[in-house]
Amino acid sequence: ILEAGGLFLMNTRVTDIITEGGRVSGVATSGGEKYTASEIILATGHSARDIYSILLNRGIDMEMKTFAMGVRVEHPQELIDRIQYHGKPRGKYLPAAAYTLATQSAGRGVYSFCMCPGGFMVPSATSPGEVVVNGMSPSRRNSPWANSGIVAEIREEDAMRYGGGVLAGLNYQSLLEKQAWQEGGMSQRAPAQRLVDFVEGRSSSSLPKGSYFPGLTPSRLHEWLPEEMSSRLREGFREFGRKMRGYLTNDALVAAVESRTSSPVRITRDPDNLNALNISGLYPAGEGAGYAGGIVSSAVDGMQAAEKIAEKHVG
């Protein structure tokens with residue numbers, strides 16, 4: 001890229017998309033610089049929330065899209081091993097067991113997301129005053145815990161209860177992340193509950209030991225999570241307990257909030273040339289644009305955008 005004249009700017013963010021006569025002409029950055037360009041591939045992550053505000057101010061067409069939010073559940077890895085390996089010890093030659101679960105509750109999807117065998121729950125907030133939980137596995141998968149996001153489908157009618165517009169889903173996300181921060185004690189401690197207590201609507205006087213290193217605070221998640229989310233998650237856990245005997249146990253805990261599964265906003269684009277609908281030269285791509293749901297799909301989407309631009313100049 002450098003040999004072809006490319007430039008990398010570290011510790012720099014885009015503060016504006018510059019437009020002239022219905023097309024992009026460049027970007028302004030946090031360093032006070034402006035860079036001209038006739039085409040821009042906008043390939044941010046889905047947590048770059050400031051980009052959506054920039055686009056909204058520029059009148060660039062966007063729409064709210066369906067996404068998912070919920071909690072992160074953590075079990076002892078030994079328990080998941082026993083379930084998945086049919087009661088037998090894992091042994092040194094078998095990997096830490098994983099699982100994939102999905103069901104329907106009241107017409108909405110409830111499913112596992114980013115399951116991390118032999119892993120850790122990690123803090124993933126991007127701004128002060130919010131708590132976001134996520135998961136990771138080290139290469140050896142050798143942690144004593146297994147964790148997974150368990151999330152419920154969120155549609156426009158859910159988010160609109162908390163404010164309208166194309167950023168309604170983003171506002172819904174942000175509201176719950178701030179509430180999780182409050183419930184966790186206004187720190188990066190995550191509010192949590194024993195799994196069966198969450199499902200049955202009981203307080204947890206204590207919590208099992210967990211991997212989340214900032215710490216956990218007992219909280220009545222079933223009361224403060226929105227009812228449309230909480231009820232579906234609770235029904236989902238009951239179904240998962242039937243599918244995996246032993247899964248529904250108070251030796252497991254749930255922590256909130258698992259909110260960054262995918263973008264709640266889609267930057268609309270032409271399906272043929274991948275150009276943003278109402279501004280020429282802008283190519284939204286990847287997770288932040290609302291057209292991908294992970295590392296590989298984002299990379300493929302970015303490659304397709306680059307190919308469309310190349311076709312304009314070469315073909």
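In this predicted model, D197 has a relative accessibility of 6% and therefore counts as buried, the limit being under 20%. Its side chain meets that of R202 in a salt bridge, with 3.1 Å from N to O, and R202 is partly exposed, having a relative accessible area of 40%.

A second pair, R269 and D301, also forms a salt bridge, in which the closest N and O atoms are 2.8 Å apart. Because R269 belongs to the loop between β15 (265-267) and β16 (282-284) while D301 belongs to helix α8 (residues 295-314), this pair ties together parts that are 32 residues apart in sequence. R269 is buried, with a relative accessible area of 12%, and D301 counts as buried at 4% relative accessibility.

The salt bridge between E177 and R49, whose closest N and O atoms are 2.9 Å apart, joins helix α4 (residues 168-183), where E177 lies, to helix α1 (residues 49-57), where R49 lies, so that parts 128 residues apart in sequence are tied together. E177 counts as buried at 0% relative accessibility, and R49 is buried as well, with a relative accessible area of 16%. R49 and E177 are linked with E130 and R260 in a network of salt bridges, and the count of salt bridges in the model comes to 21.

The largest pocket, with a volume of about 560 Å³, is lined by 19 residues, of which L7, L9, V14, V27 and Y35 lie nearest its centre. Strands β2 (23-29), β3 (34-36) and β4 (40-42) each supply at least two residues of this lining, which comprises eleven nonpolar, six polar and two charged residues.

The largest nonpolar core has 47 residues, and among these F237 and Y247 touch the most other members; its largest share, five residues, comes from strand β14 (residues 253-258). Apart from it lies another core, of 19 residues, including V27, I54, M62 and A289. Beyond residues up to four places away in sequence, Y247 touches V73, H75, I80, I83, Y99, L101, I150, L195, F237, F240 and G241.

Y99, L101 and I150 are also among the contacts of S112, which, leaving aside neighbours within four places in sequence, include T100, S148 and G149 too. S112 is found in strand β8 (residues 108-116) and counts as buried, at 13% relative accessibility.

Conventions
Residues numbered from 1 in each chain as written. Predicted model: local features only at pLDDT ≥ 70, side-chain atom pairs only at ≥ 80, totals over all residues. Heavy atoms only, no water. 1 Å grid on protein atoms, 1.4 Å probe; cavity = no way out; pocket = protein on both sides within 12 Å on 5 of 7 lines; lining within 4 Å. Points joined across faces, edges and corners; volume = space filled by probe spheres on them. Helix = DSSP H or I, 4+ residues; strand = E, 2+ residues; numbered from the N terminus. Nonpolar A, V, L, I, M, F, W, Y, C, P; charged D, E, K, R; others polar. Buried < 20%, exposed > 50% of the residue type's maximum accessible area, 1.4 Å probe, protein only. Contact = heavy atoms within 4.5 Å. Core = buried A, V, L, I, M, F, W, Y, C linked by side-chain atoms within 4.5 Å. Salt bridge = Lys/Arg side-chain N within 4 Å of Asp/Glu carboxyl O.
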